Amino acid sequence: MKTMIPVRNDREKRRMLLATFSILPIFLYHFGFIIMPSIRTMYSSLTNWNGLGTRDFIGMDNYLELMQDPNFITAFGNNLKWMALFLTIPICIGIILGFALSGVTRGRLLFRAIYFLPYVISAAIAGKIFASFFNPYFGINVVLKAMGMDFLSRDWLSPGNALFSVAFVDMWHWWGFLLVLLLSALQQIDPMLYESATLEGAGEVQKLWHITLPCIKQTIIFIILITMVWSISTFEYVWVMTRGSPGSELLSTMLYKNAYMKYRAGYAGSIAVVQMFVSFLIFAGFGMLRKRLED
Amino acid sequence: MKKFILVGACLLLMSGLGFAAGTNDDGKAQVFEVSVNTTKDEQNKLYETVFQRFVDEYNKKYNTGYSLRFVSGQGMDIINTRMSSKDKPDIFTIDSPADANQFAKDGLLLDMTDYAVKNKWKESVFDWAYSLAQVNGRVVALPYGYEGMVLWYNKDIMKELGLNPADITNLEAYENAMKKAADAGYIPVMLGSQDWPWAQEWYLSILYSYTGRNLVKNTIEGKPGFTWNSAPFRKTVELYKSWHDRGYLADKRSYVLTSDDAINAFVGGKALFKLEGTWAPYWMMPLDAAERDKIGVMLHPAINSTERPHLPLAVGGMWCVSATTAHKDLAAYILTGLLGQDIQADFLNNGMDVAPIKVEKSSFNGLIPTVQVMWNMVNGALADGSFGYTTWAFYPPETRVYLYEGIVNVLENKLGIDQYLTQMDVLNKKELAQGFIPVIPASK
């Protein structure tokens with residue numbers, strides 16, 4: 001039996017070459033700046049590297065220490081709380097407001113720009129501004145008192161409240177981005193579906209539940225995915241506002257302190273690997289979920 | 001067209017990489033990099049002028065063609081990363097002798113002993129500071145600043161409460177002053193650690209040093225029989241916690257107040273005392289004369305009968321030279337030049353760190369009176385050896401971070417004092433075992 005060898009003409013070959021050549025810079029960039037450092041970090045996590053000099057191989061010692069480190073358990077718990085907050089509040093607000101805004105035809109762009117604005121403000125600036133708002137002497141508390149709602153005032157950045165206060169600021173910055181993603185998805189929905197539903201006598205909630213949500217399912221899954229992954233690696237707002245003080249310590253702030261303040265880059269590497277591993281699990285889980293949904 | 005774009009993009013990428021690699025136009029490695037951690041424009045401008053002057057002088061004297069690359073804002077995170085790479089600056093700043101210890105352990109610092117001897121650094125630099133510049137008897141750094149912790153007080157509030165700062169020298173008088181201030185609606189001691197967790201460390205630096213200087217020295221050095229979890233340190237932490245519980249320390253809000261909030265609240269007349277470093281004239285300089293005159297400076301009162309009030313001392317940071325520099329002579333020329341009286345007088349008058357050298361007294365004349373008082377305290381403490389030990393200058397790094405992070409959990413009742421001190425002991429011993437070499441000058 002003769003084997004059929006696919007014959008490629010010159011044009012196809014050129015196309016293949018061009019495709020490979022186009023991907024090459026991104027691949028090289030990814031290889032040099034993501035894959036290689038990741039491999040290096042994995043190796044560092046198995047050493048006692050202080051971030052400066054030589055690395056002595058110590059096996060799984062860093063991981064064993066990590067599993068018993070109360071700071072790690074607290075930080076990981078805080079990341080999970082952070083994730084729970086971000087999976088609910090900004091996504092719900094984004095969906096509801098997106099649904100409401102999708103019906104607005106006049107000034108939609110203006111609304112979109114206004115809601116998106118916080119996203120373009122740098123974390124350092126927004127964090128500093130909100131830290132001032134949380135000041136006990138002239139911030140939100142003073143406003144609350146003036147409004148006769150003194151019972152609501154508290155020390156917003158104290159260890160008991162810091163995590164939620166900082167998460168609030170990050171959400172303020174984050175949900176506008178989600179809204180833009182959701183609005184783009186909502187605009188892809190065929191208006192005929194809503195018209196038919198209206199003719200059938202469906203209410204707004206029924207339209208949201210039976211038309212909107214199923215149609216933007218893929219976008220919502222993507223949003224949940226990035227929210228979960230970013231919740232594991234979030235850093236800027238916490239660092240700017242509390243420096244990861246007790247009560248708001250996250251894996252990333254713990255990592256930074258170990259790498260740059262305690263001269264324990266190997267140990268910091270093990271935290272980074274845990275973050276990578278959790279992110280990988282999330283990606284894998286979502287990959288399977290998406291496949292299931294597509295099937 | 002596509003080809004041109006592609007070639008253009010490649011050229012752009014290559015020029016970017018070339019720029020990042022730090023080569024100069026003609027490819028010669030005659031660029032000398034000085035990298036500093038300062039971020040304020042005025043300070044950077046002065047530094048750059050001074051370094052440029054030295055490089056020009058050197059070029060003229062030795063007929064060389066060096067050009068200066070001055071890089072500012074290089075904090076410890078950036079320096080650590082750069083020193084573990086091939087892109088090392090020639091001269092750079094680090095924060096403390098504890099950092100020098102780490103860098104020297106890995107052979108990253110140039111041994112400058114021969115240069116130090118040749119240029120007689122020992123004759124200019126204070127003995128204690130010179131000892132901090134050494135690891136295993138070799139000179140590996142040059143301290144660029146010296147500082148101590150003091151208490152600022154509001155003169156008006158002090159008067160209103162019928163208190164005399166000269167009488168507040170012991171625990172009883174200090175607690176009485178704090179109670180009076182709290183009863184009158186003032187915050188006894190202002191402290192802001194929300195953006196600056198090190199503020200907790202400032203106070204602990206004072207209190208541990210006041211517990212007993214020899215005790216601290218021996219404990220850090222891991223001498224037999226000395227542990228952090230001993231009765232004197234336990235008593236000190238209990239005292240600190242009791243002040244916190246009574247609302248004496250920033251009204252229990254230090255970790256919701258930024259350093260700006262703390263200084264504004266103090267200057268605004270909300271607090272009797274404010275813990276400060278002698279490095280802080282830059283806070284005073286922008287104030288008008290009337291506001292400045294309200295601020296008095298004193299040593300923290302004693303907290304027990306064994307240790308008298310003293311000044312916990314630190315070097316503000318250190319100049320280091322990379323072990324791999326190809327321009328050792330120029331580096332030594334610059335560091336020696338920095339010890340010049342005219343240079344230090346310029347730094348002093350600009351509110352910058354001053355090297356631990358015998359600066360001529362006339363250089364202090366133009367300073368604000370309160371700043372002069374602070375400098376008198378520092379220089380007086382040095383002259384009679386009555387200095388103590390700040391955490392950032394003398395403690396091993398991991399122990400140091402735990403010291404100020406763990407205390408918040410103690411104050412919040414999430415961690416027992418025994419557990420806190422035991423963990424400090426564990427970390428201190430671990431770091432000694434890992435090669436940390438304490439360099440702690442003896443005090444009197």
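## A helix in chain A and the residue after it

Helix α12 of chain A is followed by A:Tyr263, whose phi is positive, near 55°; helices here are DSSP runs of H or I with at least four residues, strands are runs of E with at least two, and both are numbered from the N terminus. The model is a predicted one, in which local features need pLDDT of at least 70 and side-chain atom pairs count only at pLDDT 80 or more, while totals for chains, interfaces and linings use all residues. Residues are numbered from 1 along each chain as its sequence is written, and chains are lettered from A and ligands numbered from 1 in the order in which they are written.

Nine of the 11 residues of α12(A) are buried, so this helix is largely enclosed by the rest of the structure. A residue is called buried if 20 or more other C-beta atoms lie within 10 Å of its own, exposed if 12 or fewer do, and partly exposed in between, with C-beta atoms placed from the backbone. Among the buried residues of α12(A) are A:Leu251, A:Met254, A:Leu255, A:Lys257 and A:Tyr260. The buried residues of the helix pack against α3 (70–102), α10 (217–233), α11 (236–242) and α13 (265–294) of chain A, and also against α3 and α20 of chain B.

## A:Met254 within that helix

A:Met254 lies in α12, which covers residues 251–261 of chain A, and it counts as buried because it has 24 C-beta neighbours inside 10 Å. Leaving aside residues up to four places away in sequence, A:Met254 touches A:Asn71, A:Phe72, A:Ala75, A:Gly244, A:Glu249 and A:Ile271, where a contact means that the two C-beta atoms, placed from the backbone, lie within 7 Å. A:Val143, by contrast, is 111 residues from A:Met254 in sequence and 34 Å from it in space, C-alpha to C-alpha.

## Chain A as a whole

Chain A has 13 helices and zero strands. Its radius of gyration is 24 Å, well over the 19 Å that the globule rule gives for 295 residues, so chain A is more spread out than a compact globule; the radius is taken over C-alpha atoms, and the rule is 2.2 Å times the number of residues to the power 0.38.

Along its principal axes the C-alpha trace of chain A spans about 75 × 60 × 30 Å, and 32% of its 295 residues count as buried. Of the contacts in chain A between residues at least 6 apart in sequence, 70% join residues at least 24 apart.

Chain B contains 21 helices and 11 strands. Its radius of gyration is 24 Å, close to the 22 Å that the globule rule gives for 444 residues, so chain B is as compact as a globular protein of that length. The C-alpha atoms of chain B fill a box of roughly 75 × 60 × 50 Å along the principal axes, and buried residues make up 46% of the 444 residues.

The domain assignment, whose bounds come from an automatic or database source, gives domain 1 (27–146 + 315–364) and domain 2 (148–313 + 384–433) of chain B. The centres of these two domains, taken over C-alpha atoms, are separated by 31 Å. Their contact takes 11 residues from domain 1 and 10 residues from domain 2, and on the domain 1 side α4 (97–105), β6 (142–154) and β10 (311–321) of chain B each give two or more residues, with α4(B) giving the most, three residues.

## The nonpolar cores

A nonpolar core is a set of buried Ala, Val, Leu, Ile, Met, Phe, Trp, Tyr and Cys residues joined through C-beta atoms within 7 Å. The largest has 170 residues, and those that touch the most other members include B:Ala100, B:Leu109, B:Val140 and B:Cys320. Domain 1 and domain 2 of chain B both give residues to this core, so it lies between them. Apart from it lies another core, of 11 residues, among them A:Trp174, A:Leu183, A:Ile216 and A:Ile223.

## Where the chains meet

The contact between the chains takes 27 residues from chain B and 24 residues from chain A. On the chain B side, α3 (76–83), α4, α13 (259–267) and α20 (397–411) each give two or more residues, and the largest share, six residues, comes from α20(B).
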